[in-house]
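Here is a short briefing on one protein chain. Look at the structure first, then read the points by topic.

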Amino acid sequence: MTTDSSPADGGLRDRKKRRTRTALATAALRLVAEHGLDQVTVEEISAAADVSSRTFFNYFPSKDDALIGDQAALNARFVARLAEVPPEVPALAAIRAALGEVIEEMQEDRELWLLRMDVVMRNPALLPRLVAAGAEAERSMTDVVAARVGVAPDHGFPALLTTVTGAAFRAAALRWAAAAGARPLADLVDEAFDTLAAGLPDPGPAPTPHPNRTPS
């Protein structure tokens, strides 16, 4: 038997909250994808998710927040994971390891994230909010990297590593979205980080078969 304050009941409440949040975000994204950013109201989103407008505002401060998701919380979890990676792991590999939870979450909610990325790309008015959230995450990440490698936060290395790994992750995510998630996001991120680790060598043209040589 469980009580109202039992862990099992608490877990059930958390799952219900996550389902409601996901339902609201999905409804918002689908409606905006179909009708356009300025043509969709909070009331319509709430109705599509079968909740009240009051419930909507229990989860999101605004329509735009429902569309972009809780980026601040996602970024905070990543920075916390980065701080937990053992200090003997090189900084670049540590960042890739810390991204594992983010990548797993995006892959598990694949359809939601692909829809979100499509909506954001087609509605540039949403970009400033993402940029602001990303800038805050980069500041925190730079501090963690600086402490990890034993230099001051204003040293060139932490900011450079933060910038290039952020760009590598975004490039991988855009490739993932462009191919409608056909390849696992983790594989694309691994490719991007391996290229960084190799020093960004030119990939070179694909080899072409000799015209007089028959395949073996």
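This is a predicted model: local features need pLDDT of at least 70, side-chain atom pairs count only at pLDDT 80 or more; totals for chains, interfaces and linings use all residues.

The lining of the second largest pocket is made up of nine charged, seven nonpolar and three polar residues.

**Second largest pocket**

- The lining counts 19 residues in total.
- Nearest the centre of this pocket lie Arg21, Thr22, Arg77, Glu105 and Asp109.
- Four helices, H1 (7-35), H5, H7 and H8, each supply at least two residues of this lining.
- H1 gives the most to the second largest pocket, with five residues.

**Largest pocket**

- The largest pocket holds a volume of about 900 Å³.
- Its lining has 29 residues, and those closest to the centre are Gln71, Asn75, Leu130, Phe169 and Arg170.
- At least two lining residues come from each of H5 (71-84), H7 (100-108), H8, H9 and H10 (156-178).
- H9 gives the most here, with eight residues.

**Overall fold**

- The chain has eleven helices and zero strands.
- Read from the N terminus, the elements run α-α-α-α-α-α-α-α-α-α-α.
- Along the principal axes, the C-alpha atoms fill a box of roughly 65 × 50 × 40 Å.
- The chain has 216 residues, and 34% of them are buried.
- Take the contacts in the chain with a separation of 6 or more: 64% of them join residues 24 or more positions apart.

**Helix H6 and its surroundings**

- Helix H6 spans residues 91-98.
- Its axis and the axis of H7 come within 4 Å and cross at roughly 30°.
- Which residues meet where H6 touches H7? Arg96, Ala97 and Ala98 in H6 meet Gly100, Glu101 and Ile103 in H7.
- By class, the residues of this contact are three nonpolar, one polar and two charged.
- Buried residues in H6 are Ala91, Ala94, Ile95, Arg96 and Ala98.
- An α-helix has 3.6 residues a turn, so residues three or four places apart point the same way.
- The cover over the buried residues of H6 includes H5, H7, H9, H10 and H11 (185-197).
- Arg96 and Ala98 are buried, and both take part in the meeting with H7.

**Asn123, between H8 and H9**

- Asn123 sits in the loop between H8 (110-122) and H9 (127-149).
- Is Asn123 buried or exposed? Its relative accessible area is 13%, under the 20% cut-off, so Asn123 counts as buried.
- The Asn123 side chain reaches the backbone oxygen of Val119 at 2.8 Å.
- With neighbours within four places in sequence left aside, Asn123 is in contact with Val32 and Leu37.

**Loop residues with positive phi**

- Most residues other than glycine have a negative phi.
- Asp50 has a positive phi of about 60°, although it is not a glycine.
- Asp50 is found in the loop between H2 (42-48) and H3 (53-59).
- The relative accessible area of Asp50 is 69%, over the 50% cut-off, so Asp50 is exposed.
- Asp50 and Thr20 are 30 residues apart along the chain, and 9.4 Å separates their C-alpha atoms.
- Ala180 also has a positive phi, near 55°, and is a residue other than glycine.
- Ala180 lies in the loop between H10 and H11.
- Ala180 counts as partly exposed because its relative accessibility is 44%, which falls between the 20% and 50% cut-offs.

**Ala80, in H5**

- Ala80 is found in helix H5.
- Is Ala80 buried or partly exposed? Ala80 counts as partly exposed, because its relative accessibility is 33%.
- Ala80 and Ala159 are 79 residues apart in sequence, and their C-alpha atoms are 18 Å apart in space.

Terms used:
Residues are numbered from 1 along each chain as its sequence is written. Side-chain values use heavy atoms; hydrogens and water are left out. Buried means under 20% relative accessible area, exposed over 50%, partly exposed in between (1.4 Å probe, protein chains only). A polar contact is a pair of N or O atoms within 3.5 Å; within protein, one must be able to donate a hydrogen and the other to accept it, and residues adjacent in sequence count only if both atoms are side-chain atoms. Contact means heavy atoms within 4.5 Å. On a 1 Å grid over the protein atoms alone, a cavity is a set of points where a 1.4 Å probe fits but cannot get out, and a pocket is an open set with protein on both sides within 12 Å along at least five of seven lines; lining residues have an atom within 4 Å of a point. Grid points are joined across faces, edges and corners, and a volume is the space filled by probe spheres set on the points. Ala, Val, Leu, Ile, Met, Phe, Trp, Tyr, Cys and Pro count as nonpolar, Asp, Glu, Lys and Arg as charged, and the others, Gly among them, as polar. Axes are lines fitted to C-alpha atoms, for helices over the stretch in contact, and angles run from 0 to 180 degrees between N-to-C directions.
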